[in-house]
Amino acid sequence: MTPARESWFEDDAGPLIRPYAVSGGRSAGVRYDLDMITLIMTVRHDGGVTRMEPEHASIVRMCARALSVAEVAAQLHLPLIVTKILICDLIDDGYLTYRPPAAPQTDASHDPDLLQAVLNGIRQL
């Protein structure tokens with residue numbers, strides 16, 4: 001192959017092959033209930049990530065503060081499913097923990113009885 005041909009091949013194939021290679025060919029097998037807004041946080045910082053892929057180490061570093069799965073995927077420039085697989089690997093190895101985002105507090109301004117009382121008060125004006 002000529003150098004120009006090799007460049008063309010790598011540019012076209014790179015985005016398809018990289019996620020496959022990063023996940024070790026896995027496209028399923030998410031073992032935890034992770035969705036886009038699940039928060040991920042590092043719980044072990046010993047630096048000896050047993051899986052030495054750079055993406056695993058990056059996830060451990062970036063999750064020193066809680067990030068959503070979607071944020072991690074965006075920062076890694078990887079598809080969501082590939083990111084979930086890597087996160088599951090790190091949860092299995094004890095480097096990460098996860099939790100769903102905090103449920104929103106019930107807002108009194110959405111209470112139907114309160115809204116009806118306000119409407120009745122406005123009508124009496």
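User: How many salt bridges does the structure hold?

Analyst: The structure, which is a predicted model, holds two salt bridges, a salt bridge being a side-chain nitrogen of Lys or Arg within 4 Å of a carboxyl oxygen of Asp or Glu. Because this is a predicted model, local features need pLDDT of at least 70 and side-chain atom pairs count only at pLDDT 80 or more, while totals for chains, interfaces and linings use all residues. Residues are numbered from 1 along each chain as its sequence is written, and side-chain values use heavy atoms, with hydrogens and water left out.

User: Which residues are linked in the network?

Analyst: R31, D89 and D92 are linked in a network of salt bridges. R31 pairs with D89, with 3.3 Å between the closest N and O atoms. R31 lies in the loop between helix 1 (3-22) and strand 1 (39-42), whereas D89 is in helix 4 (residues 80-92), so this pair ties together parts that are 58 residues apart in sequence. Helices (H or I, at least four residues) and strands (E, at least two) are DSSP runs, numbered from the N terminus.

User: And D92, what does its side chain meet?

Analyst: The D92 side chain meets that of R31 in a salt bridge, at 2.7 Å from N to O. Since D92 lies in helix 4 and R31 in the loop between helix 1 and strand 1, the pair ties together parts that are 61 residues apart in sequence.

User: Is D89 buried or exposed?

Analyst: D89 is buried, with a relative accessible area of 1%, whereas R31 is partly exposed at 41% relative accessibility and D92 is partly exposed at 39%. Buried means under 20% relative accessible area, exposed over 50%, and partly exposed in between (1.4 Å probe, protein chains only).

User: Switching to the sheet, what order do the strands have?

Analyst: It is an open sheet of three strands in the order 2-1-3, with antiparallel pairing, where two strands pair if DSSP finds at least two bridges between them. Strand 2 (67-68) and strand 3 (96-99) are the edge strands, each pairing on one side only. Strand 1 and strand 3 pair over four bridges in the antiparallel sense, and I40 has Y98 in strand 3 as its bridge partner.

User: How many residues has the largest nonpolar core?

Analyst: The largest nonpolar core has 20 residues, and I40, V72 and I87 are among those with the most contacts inside it. A nonpolar core is a set of buried Ala, Val, Leu, Ile, Met, Phe, Trp, Tyr and Cys residues joined through side-chain atoms within 4.5 Å. Helix 4 gives the largest share of this core, six residues.
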